[in-house]
Amino acid sequence: MASVTILYFASLREQLGREREMAAVAAEGESVTSLLSALRAQDSALNDLFEQTPRIRVAINQALASFQDTVRPGDELAFFPPMTGG
């Protein structure tokens with residue numbers, strides 16, 4: 001298995017107390033949902049965060065993505081809360 005870099009931004013970073021981590025991902029890749037499910041099962045703080053914060057957004061390699069998109073080894077996955085403009 002290879003890995004991906006996961007970044008947490010804004011209030012997500014503050015709530016988790018970390019801004020990044022590495023996670024194992026299958027060589028052929030897997031959906032963001034699948035990877036996140038595995039991570040949430042191992043980390044109660046991460047599970048609580050995703051339960052308490054609706055509409056978390058995701059980006060893969062700095063491009064907005066959906067939770068159904070595939071993340072592959074070497075990718076950068078970022079999670080951030082919804083933002084408003086002004």
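Me: Accessible areas come from the Shrake-Rupley method with a 1.4 Å probe, and for residues only the protein chains shown count as cover. What does the accessible surface of the chain come to?

Reply: It comes to about 5100 Å², and 48% of that belongs to carbon and sulfur atoms. Before we go on, note that this is a predicted model, where local features need pLDDT of at least 70 and side-chain atom pairs count only at pLDDT 80 or more, while totals for chains, interfaces and linings use all residues. Residues are numbered from 1 along each chain as its sequence is written, and side-chain values use heavy atoms, leaving out hydrogens and water.

Me: Why does Leu64 count as exposed?

Reply: Let's set the value against the cut-offs: buried means under 20% relative accessible area, exposed over 50%, and partly exposed in between, with a 1.4 Å probe and protein chains only. Leu64 has 59% relative accessibility, so it counts as exposed. You will find Leu64 in strand β5.

Me: And why does Arg55 count as exposed?

Reply: Arg55 has a relative accessibility of 65%, so it counts as exposed too. Arg55 sits in the loop between α3 (44–52) and β4. From its C-alpha atom to that of Phe9, 46 residues apart along the chain, the separation is 14 Å.

Me: Which strands pair with β7, and in what sense?

Reply: Strand β1 (residues 2–8) runs parallel to β7, joined by 4 bridges, and Leu7 has Ala78 in β7 as its bridge partner. Strand β4 (residues 57–60) pairs with β7 in the antiparallel sense, over 4 bridges, and here the partner of Ile60 is Leu77.

Me: What sheet do the strands form, and which are its edge strands?

Reply: An open sheet of 5 strands, in the order β2-β1-β7-β4-β5, with mixed pairing. β2 (20–25) and β5 (63–65) are the edge strands, since each pairs on one side only.

Me: What does Leu64 touch?

Reply: Contact means heavy atoms within 4.5 Å. Leaving aside residues up to four places away in sequence, Leu64 touches Arg57, Val58, Ala59 and Phe80.

Me: Why are the buried residues of α2 said to line one face of the helix?

Reply: In helix α2 (residues 32–42), the buried residues are Val32, Leu35, Leu36 and Leu39. Looking down the axis of α2, they fall within an arc of 95°, so they line one face. That arc is taken from the directions from the helix axis to the C-beta atoms. An α-helix has 3.6 residues a turn, so residues three or four places apart point the same way.

Me: Last one: how does the radius of gyration agree with a compact globule?

Reply: The radius is taken over C-alpha atoms, and the globule rule is 2.2 Å times the number of residues to the power 0.38. For 86 residues a compact globule would have a radius near 12 Å, and the chain has 12 Å, so the two agree. Along its principal axes, the C-alpha trace spans about 40 × 30 × 20 Å.

Key. Pairing = 2+ DSSP bridges. Helix = DSSP H or I, 4+ residues; strand = E, 2+ residues; numbered from the N terminus.
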